[in-house]
Amino acid sequence: MSFGVNKSLKLCRQYGCIARFCINCNAKPCLNPPRTLHTSQEILNNVLFFGTVHNSWATKVQFSEILVRRVCSISKGGLRDDEVVEDLEESSGSETEEEPRTLKKKHGNVKDEGFVRNVDSILRILKGVEGLSPEARLALEKSGVVVSSDLVEEVLARVRNDWKSAYTVFLWAGSQRGYKHNLRVYHTMIAILGKLKQFNLAWGLIREMKDRGMVTHQTLLIMMRRYSAAGDVGRAVRTFHGLEKFKLKVDINAFQGLLGALCRYNNVEDAEKLLYLNKNVFDYETKSFNIVLNGWCNLIISVVEAKRFWKVMMNNSITPDALSYSSMICCFSKAGNLHNVLKFFDDMKNRGCAPDLKVYNSVVYALAKGKCVEEAYNLLNVMTEKGFTPNAATYNSLIKPLCKALRVKDADKVYNEMLQKGHAPSIRTFHAFFNVLRDSKEIMKLLEKMIESKCNPTIDTFNMLIRKFCRWGQYENVFKLWNDMEKHRLNPDRSAYTVLIHGLFLNSKVEEAYRYYEEMKAKGFSPEPKTDEIFKVWIAGKESAASQLSKLKMEKVQKSSEVRKVENISGGAMPKQTKDRQFNKGNNFFVSQKQQNKGQFNRKEKDMASKGRQFHKGKSLFLSQKHQN
């Protein structure tokens, strides 16, 4: 596998040798991830934290090797607030942040009730102590909780935004007798560490998995996604080439997984370059092009780039399928381009590609957004005739544009029809109404209705409402929602802290905003550059004001000390007789000055009188001379 001659050197340096062998720089890709060894005391504390070696480690490993492998790297925190649980696409299915994993309660089942109590007990312990501390280890050991894979998975899902707490539970559970982490627990922990850029620890877990023969394509795919989310495309590509090191097959499916990981986090341009560069290694397939096309259409949402890439597909004789048309129609629908939506919809049917439910939903959305509501309703009837049953997403395609057009009554009618047809509203349904509501009481009432319908709010829900209440200056509702996150088993992540901090700062609640800013950094989240900048300016201004205030105080003290010098003699009080003499002396001086000023005034007055007499004398002389003439 090698680059072509054109652009090979630039791309090789950019991606760290994405090919196995580069003809220009004569270098092979680095398959070993970099390691950062911090202070030996940090690593030693991590080892002594559990007293005994974690049972998933190789028992014959020497203490020095343990110090090297257990790197406790401290980084700035997560770059983005991406999904963690959705990376776990094993046999149990994929789960997303939008619908987080929840406890599976069976009423009347004593075992499930005990499971819930154990989870809550561990969460209370983690809340009261700092992660990766001896106190946390002792508290967990004394809890008496029996460890199981389901228990560890549930706790990790609940603390996925706090990597230290999650890693504490992971290591504590692994040190218990009779328990070993399964594949899903490892993947969950790796995803959490990768999300918060603790890549050294994540690679340490992967090496443990390798010793146990547990590494799969999904394991490295999680790392590709985490690197892609952090914007590090080069390491994502090197992780892909590391498949061979773990004796995993490097085929077209693995390559398409890499393309999907890059496109998922908006690195679509890099994914397109990789697709072209590996033309001679992985044959062009419609699926590969669809991954990149979906990135331009549904993630970047660029009509110009979507049209350009569609022409590239045609020029390379790639036959578009239903998914290709679906991506294009969704892109035009989101951009409000009704003409192109209908054009591609007709072209799709003429080419013999049967539209699926997603395509119909996109067309319904485009029609409703284009104020063609009746036509959208007619298309619902056509869908039913074609054998497609409208789902919640179909009704959301009507509700969202109606709410944006402030046709709330019409949106309510569609909502009631959806309930009558037996479709449960989704998070997007309620978000559409939240965006259009302008009264706090109505918003809180709708939130209660959302919870009653068993549609649990997400971090995005709370971010939306907190941003809205901050804009209105209703801080009581802001902090109520912030505290209610815990009731819904949600931990504030980087996006939640950013929304709250900016909302408080822009409303002159600077001290409170700074307190949450420090709390955010303490939890390992990396603030946005904009957030860092505003607080740097604020701190600099605060320090400048404090220095000026101290300077004024010093000047005041100096003046008062000078005044006191008159009254102090050798540090003692001035005698009364001395004070009287000074007073009399000052009084006499004042009287003499007053008399001198009075004498000067009298002299000036006499001068003025003499000048006046001379003036009248001259005037009379002038008149007499004039009369004679």
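Because the model is predicted, local features need pLDDT of at least 70 and side-chain atom pairs count only at pLDDT 80 or more, whereas totals for chains, interfaces and linings use all residues. Residues are numbered from 1 along each chain as its sequence is written, and side-chain values use heavy atoms, with hydrogens and water left out.

The secondary structure of the protein chain comes to 29 helices and 2 strands, where helices (H or I, at least four residues) and strands (E, at least two) are DSSP runs numbered from the N terminus. Of the 629 residues in the protein chain, 45% are buried, a class that means under 20% relative accessible area, with exposed meaning over 50% and partly exposed in between (1.4 Å probe, protein chains only). Among contacts (heavy atoms within 4.5 Å) between residues at least 6 apart in sequence, 65% join residues at least 24 apart.

The crossing of α14 and α15 is left-handed, that is, the near helix is turned anticlockwise from the far one by less than a right angle, while clockwise would be right-handed. On the α14 side, F289, N290, V292, L293, W296 and C297 meet E305, A306, R308, F309, W310, V312 and M313 of α15. These residues divide into 10 nonpolar, 1 polar and 2 charged, with Ala, Val, Leu, Ile, Met, Phe, Trp, Tyr, Cys and Pro counted as nonpolar, Asp, Glu, Lys and Arg as charged, and the others, Gly among them, as polar.

Within α14, N290 is buried, with a relative accessible area of 3%. Its side chain is joined to that of D321 by a polar contact of 3.0 Å (a pair of N or O atoms within 3.5 Å; within protein, one must be able to donate a hydrogen and the other to accept it, and residues adjacent in sequence count only if both atoms are side-chain atoms). Leaving aside neighbours within four places in sequence, N290 is in contact with M313, D321, L323 and S324. In the loop between α15 and α16 (322–334) stands S317, a residue other than glycine with a positive phi near 60°, and S317 is exposed at a relative accessible area of 66%.

A further pair is formed by α23 (residues 440–452) and α24 (residues 459–472), which pack at an angle of about 170° with their axes 12 Å apart. That angle makes α23 roughly antiparallel to α24, and their crossing is left-handed. S440, I443, M444, L447 and M450 of α23 make the contact with T461, L465, K468, F469 and W472 of α24, which by class gives 7 nonpolar, 2 polar and 1 charged residues.

N477, in helix α25 (residues 475–487), is in contact with S440 and F469 once neighbours within four places in sequence are left aside. N477 is buried, with a relative accessible area of 16%, and a polar contact of 3.0 Å joins its side chain to that of Q474.

Note on methods: Axes are lines fitted to C-alpha atoms, for helices over the stretch in contact, and angles run from 0 to 180 degrees between N-to-C directions. Angles under 35 degrees count as roughly parallel, over 145 as roughly antiparallel, 65 to 115 as roughly perpendicular and the rest as oblique.
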